[in-house]
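Colleague: Can you walk me through this one? I have a few questions and will jump around.

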Amino acid sequence: MATTKVASTESRTSQGIRVPSPTSLLILPTLVVVGFFLILPYLNMLYISLMTANNQGAFERKLTFENYAHNLTDPFIWKVIGLTVQLGLLTVLISLLISYPAAYHLSRQPPRRRGLLMMLIITPLLIGVVIRTYGWMIILSDTGLINQALRALHLPAAGLMYNSTGVLIGLIHIYVPYMVLALLGPLQAIDPDLESAARSLGASRWNAFWRITWPLSLPGVLSGSILVFVLAISAYIIPQLLGGFVTITMPILVVQQVTDLLNWPEGSALTVIFFVVAVVILAAYARLMAFFMRGLS
Amino acid sequence: MLPERVDRALFLTPVVALYIFLIAPVVVVLLSAFNAGNYLTFPPQGLSLRWFEHFLESTSLMQSLVLSLQLALIVSVVSTALGTAAAIYVVRWSGRYREFLRILLVSPLALPGILSAIAILILLYAIGVGTRGMIGLVGGHIIVTLPFVFLIVSAVLVRFDRSLEEAARNLGAGPYMTFWRVTLPIIRSGIVAGAIFAFISSYDNVPMSLLLASVGMTPLPIQLFDYLRFAFDPTPAAAGTLSIVLAIVVVLISERLVGLDTVYVGGPRR
Amino acid sequence: MLALHGISKRFHDVTAVSDLTLQISEGEQIALLGPSGCGKTTTLRMIAGFERPTAGRIELATRDITGLPPERRECGMVFQNYALFPHLTVDENISFGLQMRHVPSSERRTRVRAILERIGLKGLDRRYPRQLSGGQQQRAALARALIMNPKVLLLDEPLANLDAKLREEMRFYIRSLQREFRTTSIYVTHDQAEALVLADRIVVMIGGVLQQVGEPHEIYERPTTIEVADFIGLSNLVPAEVAGVAQGLADYRTAVGTLSGLARDGLGVGSQAWLSIRPEHFRIVREGVAESLGSKPNHLHGTVTDTAFLGNLMDYRIEVGSGLRLRAQGSPGDAAAIGERVKLTFAPQDAWPLPKTPNGHD
């Protein structure tokens with residue numbers, strides 16, 4: 001059905017000159033803001049990453065690849081990248097494992113109960129990283145709840161904070177709601193009759209799930225993993241608070257370069273490298289998933 | 001084959017465990033806020049409001065709280081205006097640019113916040129502004145909250161029944177009158193939900209606030225972060241209680257307005 | 001009152017309406033009838049101003065409205081899903097158009113109250129649309145349009161969303177409203193029974209093209225083309241060749257013998273045609289039953305292959321030879337059984353020819 005043309009996107013003055021019509025005013029301010037605060041900054045960063053660093057924190061307009069070369073050959077950088085990616089992938093994997101049953105369960109609930117349970121999932125999302133991470137600090141620290149319990153039971157203390165384990169727990173906690181929500185959409189869209197049909201044909205509950213529901217939910221798995229991975233590798237607060245000053249991830253490193261050391265060209269280059277690494281991993285993952293999803297339309 | 005009941009229990013265990021896992025830190029923070037002692041023990045050491053007093057008496061924390069609320073308000077208003085206008089344009093008018101615009105407007109969600117913040121910071125320094133004033137902070141916040149408003153209002157617009165507008169036109173209302181008297185009141189709930197979501201996103205935001213705030217004007221999450229890096233008393237828990245209450249209110253309101261299905265799962269309300 | 005001159009509408013590569021010309025007099029009730037996708041709704045939307053014709057002109061009360069926006073056209077429209085404003089009460093919905101015309105509130109109130117009473121929605125003025133039944137919503141939508149005293153009332157499949165019984169009731173209700181208000185009206189419908197009841201004249205559209213315009217009886221008994229005959233009512237179509245023409249009647253040579261039927265201009269001796277006979281026009285004579293006096297001249301013999309009891313009628317399929325299977329209807333009393341030999345008789349006046357298209361296909 002053709003849409004109602006309430007007004008054309010262009011109007012003509014009495015002399016027949018084209019002027020942008022009122023409706024394009026709707027998008028213009030937004031485009032300006034997005035252009036200045038999103039597109040321009042990234043382009044500028046790319047530009048600066050190719051400039052030469054200058055001791056006073058500014059830069060010389062001299063094209064160079066030194067920033068990239070310097071960073072890419074630094075083993076420390078690769079160690080940090082490795083740790084960041086590792087944490088990211090583990091977060092995705094574990095989040096997926098623990099989120100999927102809950103998302104599946106949620107998709108089968110009647111609307112009212114689903115609404116209530118969704119509130120439980122979404123409220124933590126809206127509380128903010130700092131507060132939730134603080135909660136984990138209380139639980140995981142050496143004088144925290146878990147270790148208090150362990151001590152009461154005369155068990156050895158567990159070092160759950162100020163290391164990667166603590167960071168991992170924190171990351172998983174923060175991003176699980178995103179995973180649940182990403183899975184929920186596609187899971188809800190799957191016709192429950194499909195599993196029933198499989199069972200009527202002799203499939204066990206597990207089989208019906210594994211061979212029917214799981215493949216159909218893969219788009220949700222894909223979007224959820226991508227989302228959580230990007231979020232996990234971008235985390236700043238969690239590695240700082242739960243990782244002590246020991247666990248250094250890419251965001252921490254990049255912020256350090258730019259704000260403390262005021263070395264913009266290197267900081268920019270590092271940021272670009274970080275960005276590229278993320279994109280490469282995501283592309284590989286998407287390709288892999290596309291292979292697994294080839295049966296679906 | 002396990003009996004049905006055991007099977008179900010087996011399945012529900014990870015589900016229940018997940019909810020407990022999600023809620024545990026929140027509960028812990030709440031308990032700490034009202035706890036008399038310096039740190040939370042089990043059993044708790046007694047009830048007290050001293051941490052709330054501490055919070056309210058702390059100039060730096062209070063200033064940050066006020067700043068965060070003001071900032072969230074400004075950002076919410078601007079983002080909602082821009083996002084709603086953009087949603088209307090993209091859903092109704094954009095023609096062949098639709099997909100491109102949609103991706104562009106939602107992209108901040110996919111880009112790591114910290115990278116975007118760094119990029120903006122560098123640009124601002126390059127043009128000589130740096131972190132002076134609020135322009136960088138506000139701009140950064142708008143960029144990351146706008147996608148939410150855009151998505152929510154778009155979802156509401158897409159399922160809006162166009163024949164209502166046609167009926168209004170048929171009855172003598174011109175295009176602007178129709179928008180004002182028919183379209184706007186009906187999508188209002190989506191706009192409000194978007195505004196609320198923008199508010200709380202700004203209030204909680206870390207990357208932009210971390211890098212773009214000028215000296216002496218620190219938003220609350222960053223102030224708390226600084227606090228926690230070196231001290232460890234439950235004063236932040238008192239601040240956190242406020243956030244928790246805020247979050248619960250937002251969830252309840254958005255459920256009533258548009259249904260959580262629309263906002264968070266991206267589908268129409270059944 | 002309303003005139004369409006050569007109206008066409010093209011969407012990219014699809015022609016929805018093709019060169020439509022139509023004149024509608026004041027007070028006439030017109031039905032735009034046709035299968036889904038035939039262009040009738042598009043035509044209605046062009047009259048209302050929601051689509052611009054790719055070609056042609058529309059005149060309302062001698063004024064060219066082709067370029068006018070919808071709100072200046074003085075057409076009232078009732079939408080298929082009613083399009084009642086969900087955020088306004090019934091009262092506010094109905095008075096919306098009056099508000100747009102800046103009618104003072106006292107006058108608005110009077111008029112709204114009057115129409116609520118006339119249309120049977122008294123007492124429901126403060127309710128919201130979602131609190132009304134389907135039939136009530138329908139009437140509210142009608143009231144909202146009628147209160148504006150539109151020059152022409154446009155109804156887009158107004159009864160499509162009602163269940164069968166309600167639909168029938170509403171049909172007669174709308175007819176009585178027509179007689180009372182005397183507003184020129186155009187109904188779009190795919191339901192031929194509805195068109196036959198509601199319209200003074202029926203406009204049959206198929207594939208975006210105007211097929212036939214005429215009174216209900218004419219459309220039903222004398223369809224001009226095979227497409228129209230196929231769409232309206234049930235038809236038996238017997239391939240035939242015109243053998244002779246005399247005094248308004250013609251002889252048709254068919255695979256089951258020569259039949260006598262109506263002659264038609266343009267179908268002279270030697271023309272190929274489809275002879276169309278409505279099932280209800282057959283008289284079924286069971287074997288062994290004596291034929292009454294004044295029986296009809298056309299005789300066909302056949303065997304009953306299928307029967308269906310429709311409550312008030314028996315529906316038969318009868319094989320009459322050469323692979324030709326005809327459909328007939330008779331009263332349930334004294335019904336024939338499957339396998340029985342019967343005789344079918346019908347009058348020449350009930351056999352109407354339809355031209356075969358030049359390439360000899362249907």
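Modeller: A word on terms before the counts: helices are DSSP runs of H or I with at least four residues, strands are runs of E with at least two, and both are numbered from the N terminus. Keep in mind that this is a predicted model.

Colleague: Fine. What does the secondary structure of chain C come to?

Modeller: Eight helices and 20 strands in chain C.

Colleague: And what does the C-alpha trace of chain C span along its principal axes?

Modeller: About 75 × 45 × 35 Å for chain C. The chain has 362 residues, and 40% of them count as buried. Among contacts in chain C with a separation of 6 or more, 65% are between residues 24 or more positions apart.

Colleague: Where does chain C touch chain B, and how many residues does each give?

Modeller: Chain C puts in 18 residues and chain B 14. On the chain C side, strand 6 (75-78) and helix 2 (90-100) each supply at least two residues. By class, that side of chain C has 12 nonpolar, four polar and two charged residues.

Colleague: Switching to the contact of chain B with chain A. How many residues there?

Modeller: Chain B contributes 75 residues and chain A 73.

Colleague: Which helix of chain B gives the most to that side?

Modeller: Helix 1 of chain B, residues 4-34, with 15 residues. The whole side of chain B that touches chain A divides into 58 nonpolar, 10 polar and seven charged residues.

Colleague: How is chain B divided into domains?

Modeller: Domain 1 of chain B covers 1-48 and domain 2 covers 60-265. Their C-alpha centres are 31 Å apart.

Colleague: How many residues of domain 1 of chain B are in contact with domain 2?

Modeller: Seven from domain 1 of chain B, meeting seven from domain 2. On the domain 1 side these are four nonpolar, three polar and no charged residues.

Colleague: Now helix packing in chain A. At what angle do helix 9 and helix 12 pack?

Modeller: Helix 9 (residues 205-233) and helix 12 (residues 264-292) of chain A pack at about 170°, their axes 11 Å apart. That angle makes helix 9 of chain A roughly antiparallel to helix 12 of chain A.

Colleague: Is that crossing of helix 9 and helix 12 of chain A right-handed or left-handed?

Modeller: The crossing of helix 9 and helix 12 of chain A is right-handed. From helix 9 of chain A, the residues in contact include A:L218, A:L222, A:F229 and A:I233, and those from helix 12 of chain A include A:L282, A:Y285, A:M289 and A:F292. By class, this contact has 12 nonpolar, one polar and no charged residues.

Colleague: What about helix 11 and helix 12 of chain A, how do their axes cross?

Modeller: Helix 11 (residues 250-260) of chain A crosses helix 12 of chain A at roughly 160°, and the axes come within 8 Å.

Definitions and conventions: Residues numbered from 1 in each chain as written. Chains lettered and ligands numbered in written order. Predicted model: local features only at pLDDT ≥ 70, side-chain atom pairs only at ≥ 80, totals over all residues. Axes fitted to C-alpha atoms, helices over the stretch in contact; angles between N-to-C directions. Parallel < 35°, antiparallel > 145°, perpendicular 65-115°, else oblique. Left-handed = near helix turned anticlockwise from the far one by under 90°. Contact = placed C-beta atoms within 7 Å. Nonpolar A, V, L, I, M, F, W, Y, C, P; charged D, E, K, R; others polar. Buried ≥ 20, exposed ≤ 12 C-beta atoms within 10 Å, placed from the backbone. Domains from an automatic or database assignment.
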